[in-house]
Amino acid sequence: MSSWVNRVLVIGLGLIGGSLAKALRERSTSACIVGYDRDEKEMQTGLRLGVIDEMATGLAEEVSRADLIVLAVPVKATEAVLEQIKPHLTDGTILTDVGSTKGNVVEAAERVFGTVPNTFIPGHPIAGSEKSGVAAADSQLFNGYKVIITPLPDSDPDATAKVDQMWRYTGAEVLSMGVARHDEVLAATSHLPHMLAFSLVDTLAREEENLDIFRYAAGGFRDFTRIAGSDPTMWHDVCLANKEPLLRQLDRFTTGLARLRKAIEEGDGDMMLGTFTRAKAAREHFSRILSDTASSNNMNNENVIFRAQPGGSVAGTIRVPGDKSISHRSIMLGSLAEGITEVSGFLEGEDALATLQAFRDMGVVIEGPNQGKVRIHGVGLNGLQAPPGPIYVGNSGTTIRLLSGLLSAQQFDTELSGDESLAKRPMERVAKPLRLMGAEIETGEGGRPPLKIKGGQPLKAIHYDMPMASAQVKSCLMLAGLYADGTTSVTEPAPTRDHTERMLQGFGYEVDVDGSTVSVRNGGKLTATEIDVPADISSATFFLVAAAITPGSDLTLEHVGINPTRVGVINILKLMGADLELLNEREVGGEPVADIRIRYAQLKGIRVPEDQVPLAIDEFPALFIAAACAEGETVVTGAEELRVKESDRIQVMVDGLKALGADIEGTPDGAIIRGGELHGGEVFAHGDHRIAMSFTIAALRSSGEIKINDCANVATSFPTFIELAQEVGLNVIKGDS
Ligand code: S3P
């Protein structure tokens, strides 16, 4: 990039300085990389190993020629080096550093320059290794890791952009934050754990029996204390440099440890279980959803690709994972109940896990999930506690919309946010009626997430005529209605899934259903119960369609929820001529279930009855595939809600099916699909789980391979999809780009 800089001077050719220089040389920059080190031999080694282009002969001369200077020296040497280079700096020379604390670097610059030059942009790469010296320089050291830059309020935007660009050349992900915030975050995530490791090893080493202790120490001790092997001088410097933030974090930790001590002393099992399950889950949650580690390799950012080969047929007997809607509600209502709720068949997908984590964040003890089993220690309708920070719900629309109702009625403030796809979805549909109830709720730009909800607002009951057929909006208002003064009622324009109504009744809470209007009164209570979550008909759909379109198929799906508000897909497939039978129909915990047997039969195109649309709303991506393989024309109308799901499902399916040669036209509220042949090709799921799975089954009828991009979010609703698809006979594999 020619407009970047011409000459970079790296002062200090240790591991960090050397690795940066080497990465800049190797990556797409034509700038001349000059190295300076007090130790002449290190410079020579650097030159010989190709770490730098040139050795700095005189520091003064090099400083005056450089466009960008990187201080890669120990933090406590920063002030002396700044003094040394100050007289030779020319106007506009960009300065940055790599120190692991930032407040003290800024103070050093103030002492040297009076005010910090606006071209000094402090930085901190969060990467390293136990090795040292220029010989250990590794051009990949920063690749995929995070670098924090901490521009000051007066920093020059151009200088900031150039430092940012420098780190991007190394493959790092650059984050920007204030100096104080940086030091606070690092005190918590790095400095505190180092103090704990040093202190634990030191404490045990002082014990008289220490030899035995170390001899019997197992993996846990080794893992926990690995960082006690770090450089003592460096950590001495860090403690001095970041004293106040580190003391604050140590105090917080000490308070937490004292709480745990007290629980052990008093035999307070709930408190212990609470601490351990929350910690275990938080660790998994953070690494999975936020990936808030130094490495920026976030699973959901990777382009997970499915490659589905043409042909094959579908046979066998399988059970797909638990119903997503019911799993969400089991955690919500179980948390609000009095007593312990036992759930089986819980969906261990990311969306339901986001709900589970949200309630743990609000102090609810939840054991599991373990093979679909979850035990929720309910806290009662008024027992939730303020979460420690914003609640992150990932991709899950159900979590954010249902929680918004519940949280509007709490005494504490909350903020709800989610991933890139969720950040585009409309939230005014819940915020507007909640405001009518007296909630104080703020949406982000364009009525989208994040949602900021102010606690302590008394809610009053309303009657709401829902403008769209949405179970999420209805459920949101019912949850708020548990707390609102009076009787809250909602009328829906068409029937939508009624799991909230059924489950509230299962918890002993009275719900009145009168035609299309549902009402709840405040003042009741929920009593813990047992919940057996049926298999999700929306997940079963991919296999129903797979068998329906593929000659020779004969498949049985066990224990599928066939709640009348969810059976649109069965009705539509039957209208299209599918050979589908419901076997062994029964009721499990208030929800009807059945085994579904489906065999191949040539489908025919139909005009999909509009009253079936809300009953099959999540099933349309798969039904579009069925229609593309049917004889004749299928017309879908009244399905405009598809445009505001995890993706614009009308547009994305039209684009993908066209790429496979199908004859399809999108309309504002649906599509017209004429059945025919499909060829292979490349399609894009746009982060939408149901799109990814729908195009996978299309390969059963395509003449070539279908490559589906952007499939990571399949784990939100159906983490075992690929394995089950392979089990029944699909030829599909998962890979990364
Ligand atoms: C859901 C309701 C539906 C559905 C979603 C789950 C629920 O959304 O698409 O996957 O659990 O209440 P809408 O309420 O927006 O139709």
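Modeller: A polar contact here is a pair of N or O atoms within 3.5 Å; within protein, one must be able to donate a hydrogen and the other to accept it, and residues adjacent in sequence count only if both atoms are side-chain atoms. An oxygen atom of the ligand lies 2.8 Å from a polar backbone atom of Gln472. Ser325 places a polar side-chain atom 2.7 Å from a ligand oxygen atom. Lys645 also has a polar side-chain atom 2.7 Å from an oxygen atom of the ligand. The ligand alone exposes 380 Å², and the protein buries 95% of that (Shrake-Rupley areas, 1.4 Å probe).

The model is predicted: local features need pLDDT of at least 70, side-chain atom pairs count only at pLDDT 80 or more, and totals for chains, interfaces and linings use all residues. Residues are numbered from 1 along each chain as its sequence is written, and side-chain values use heavy atoms, without hydrogens and water.

There are 13 residues around the ligand (a heavy atom within 4 Å). Ser325, Arg329, Ser470, Asp618 and Lys645 come nearest.

Now the second largest pocket. A pocket is an open set of points on a 1 Å grid over the protein atoms alone, where a 1.4 Å probe fits, with protein on both sides within 12 Å along at least five of seven lines; lining residues have an atom within 4 Å of a point. Its lining has 37 residues, with Ala469, Ser470, Ile617, Glu641 and Lys645 nearest the centre. By class, 10 are nonpolar, 10 polar and 17 charged. Domain 3 (306-313 + 536-736) and domain 4 (324-532) each give at least three lining residues.

Methods:
Ala, Val, Leu, Ile, Met, Phe, Trp, Tyr, Cys and Pro count as nonpolar, Asp, Glu, Lys and Arg as charged, and the others, Gly among them, as polar. Domain bounds come from an automatic or database domain assignment.
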